[in-house]
Amino acid sequence: MTVTLADVAARARVSPATVSRVLNGNYPVAASTRERVLRAVDDLDYVLNGPASSLAAATSDLVGILVNDIADPFFGIMAGAAQTQIGGPGDGSGRAGGEKLAVICNTGGSPERELTYLTLLQRQRAAAVVLTGGAVEDPAHQAAMSAKLTKLADAGTRIVFCGRPPLPEGDALVAALAFDNRGGGRRLAEHLISLGHRRIGYVAGPPERTTTRHRLEGHREALRAAGLDEADGGGGSDDQDRLTVHGPYDRRSGYEATLELLRRAPDVTAIVAANDTVALGACAAVRDQGMRIPQDISVAGFDDLPFSVDAVPALTTVRLPLFEAGARAGRLAMGKENPPPGGIATIAAELMIRGSTAAPRG
């Protein structure tokens, strides 16, 4: 049954005129009243565009691309690539010819903002939504996401995950393009072990993110296979926890976490960073402690962002095909490409060995 403005007014215990003022933003309304109205809108999934609510499965020319931080090249590259497929150059006439309007929604890593943007895109009858990057592993948030995405899909919106695994309840998805973060983390650790490193520090991302967990799991799988979870460190999993510091995916975190690692374990000979931006901070911390890379300590990153090859020394890292994945997500969102079998594709990660890693000094 179609939800009307009168239904929202009844739910919020205000007049229809007050609901209209809140939604149009053209008249001052008390903060408590505004909050009550917006909560009623969310609870009832009211579509602001009146004529649109009568068009059961009609969608607009809008496509939403959700990113954690558009200033982060990891997200910027994927979003830009998706946009090439969503809002292409057209025929040069200035007229739209099948393209859609791609809107970047910057969540700042906030689960609440992620849900808010999905609600806004639902109200705009978005043709598609592309969600990039790792997901928050919180059962309540996952349930809320699943419910919201199901409502979007039921209204005709295509849902594509790019760089993140599907939700436990992923029926609403057109496709999930998941990076092999676990395999990449394992191969990177295996490379360091093959060089002779036995004490490897790890600067991890936020513990609640899927990307963090998968990369760290791969890293520790390699250590276990080499017997390093019990050998040398002498503390099994407790020792690995001591050699791991979590923080945001930014340079400052890399710097501060590396200093903490060197304080905890001055005998580490290599440091693996959660991503390349974190690795730059790690390199700065190592140098500020008077050590050389890689002669005194090796540093490695993840993602193979454009600046990685220009770092001094060039950064050993794991390449994720960010542009290719983003472009594919854009094609899936536009219906230009068929979904992978089962709706899920795992995208391989490639080890890029460069000058920031070497055998430890004996």
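User: What makes the largest nonpolar core a core, and which of its residues touch the most other members?

Analyst: Happy to start there! A nonpolar core is a set of buried Ala, Val, Leu, Ile, Met, Phe, Trp, Tyr and Cys residues joined through side-chain atoms within 4.5 Å, where buried means under 20% relative accessible area, exposed over 50% and partly exposed in between (1.4 Å probe, protein chains only). The largest such set has 45 residues, and Ile 65, Phe 74 and Phe 179 touch the most other members. Bear in mind that this is a predicted model: local features need pLDDT of at least 70, side-chain atom pairs count only at pLDDT 80 or more, and totals for chains, interfaces and linings use all residues. Residues are numbered from 1 along each chain as its sequence is written, and side-chain values use heavy atoms, with hydrogens and water left out.

User: What does Phe 179 touch, leaving out residues up to four places away in sequence?

Analyst: Contact means heavy atoms within 4.5 Å. By that criterion Phe 179 touches Phe 74, Met 78, Gly 163, Leu 320, Pro 321, Leu 322, Ala 325 and Ile 347. There is also a second, separate core of 20 residues, which includes Ala 257 and Ile 297.

User: Why are the buried residues of H11 said to line one face?

Analyst: The buried residues are Ser 253, Gly 254, Ala 257, Thr 258, Leu 261 and Leu 262. Seen down the helix axis, they fall within an arc of 155 degrees, so they line one face of H11. That arc is taken from the directions from the helix axis to the C-beta atoms. Arg 252 and Arg 263 are exposed on the face turned away from the buried side.

User: What do the buried residues of H13 pack against?

Analyst: They pack against helix H5 (73-86) and strands S3 (128-132), S4 (158-162), S5 (175-179) and S11 (344-347). Leu 322 and Ala 325 are among the buried residues of H13.

User: Why is S4 called largely enclosed?

Analyst: Four of its five residues are buried, so S4 is largely enclosed by the rest of the structure.

User: How many bridges join S3 to S4?

Analyst: Five bridges join these parallel strands, and two strands pair if DSSP finds at least two bridges between them, so S3 and S4 count as paired.

Definitions and conventions
Helices (H or I, at least four residues) and strands (E, at least two) are DSSP runs, numbered from the N terminus.
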